[in-house]
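Thanks for coming, everyone. Please look at the screen, and I'll walk you through one structure.

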Amino acid sequence: QVQLVESGGGLVQAGGSLRLSCAASGSIFSINVWNWYRQAPGKQRELVATSTSSGDTSYSDSVQGRFTISRDNAKNTVYLQMNSLKPEDTAVYYCNAVLRRVGVPGSLSTWGQGTQVTVSS
């Protein structure tokens, strides 16, 4: 069974940095797309960063220039480097993978358990 495990969340002051990681395990053939989402209290989950297997990346306007998504395909791991953090970045951050499993047709969308990021002012 495919599983995503996140780590790296915590407390940080405004202007500081944090690095999140998410590792996938199981019988994985390929990971086509990695996404990072976040959800603040009382708000809907929003997409903040995307990485495709072709090397393209994209970001929401609110994090553009401050966050960087990267992947290590050999380790089936994705990272989110967060710099110049603001209090409004406070949320639970979730990784998401769209992947193909070995010997199984079709694609699967799988989610991590979430990690809390709190930015103090």
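Start with Asp89. Asp89 forms a salt bridge with Arg66, and the closest N and O atoms are 2.8 Å apart. By salt bridge I mean a side-chain nitrogen of Lys or Arg within 4 Å of a carboxyl oxygen of Asp or Glu. This pair links distant parts of the chain, 23 residues apart. Asp89 sits in the loop between strand 8 and strand 9. Arg66 sits in the loop between strand 6 (57-59) and strand 7. Strands here are DSSP runs of E with at least two residues, numbered from the N terminus, while helices would be H or I runs of at least four.

Some ground rules. This is a predicted model: local features need pLDDT of at least 70, side-chain atom pairs count only at pLDDT 80 or more, and totals for chains, interfaces and linings use all residues. Residues are numbered from 1 along each chain as its sequence is written, and side-chain values use heavy atoms, with hydrogens and water left out.

Is Asp89 buried or exposed? Asp89 counts as buried, because its relative accessibility is 1%. The cut-offs are these: buried is under 20% relative accessible area, exposed is over 50%, and partly exposed is in between, with a 1.4 Å probe and protein chains only. Arg66 is buried too, at 10%.

Asp89 has another partner. Asp89 also forms a salt bridge with Arg38, with the closest N and O atoms 3.0 Å apart. Here the two residues are 51 apart in the chain, and Arg38 lies in strand 4. Arg38 counts as buried, at 6% relative accessibility.

Now follow Arg38 onward. Arg38 forms a salt bridge with Glu46, closest N and O atoms 2.9 Å apart. Glu46 is partly exposed, with a relative accessible area of 33%. How many salt bridges does the structure hold? The count is 3. Through shared partners, salt bridges join Arg38, Glu46, Arg66 and Asp89 into one network.

Next, the nonpolar core. That term covers buried Ala, Val, Leu, Ile, Met, Phe, Trp, Tyr and Cys residues joined through side-chain atoms within 4.5 Å. The largest such core has 29 residues. Which members touch the most others? They are Trp34, Trp36, Leu80, Met82 and Tyr93. Strand 9 gives the largest share of this core, 5 residues.

Last stop, strand 9. Strand 9 (residues 91-101) runs antiparallel to strand 10 (residues 108-111), and 4 bridges join them. Strands pair if DSSP finds at least two bridges between them. The two form a hairpin with 6 residues between them. In the turn, Gly103 has a positive phi of about 75°. Ala97 stands opposite Thr110 in strand 10.

Asn96 is found in strand 9. Asn96 is buried, at 3% relative accessible area. Where does its side chain reach? A polar contact of 3.0 Å joins the side chains of Asn96 and Ser109. That term means N or O atoms within 3.5 Å; within protein, one must be able to donate a hydrogen and the other to accept it, and residues adjacent in sequence count only if both atoms are side-chain atoms. The Asn96 side chain also reaches the backbone oxygen of Thr110 at 3.2 Å.
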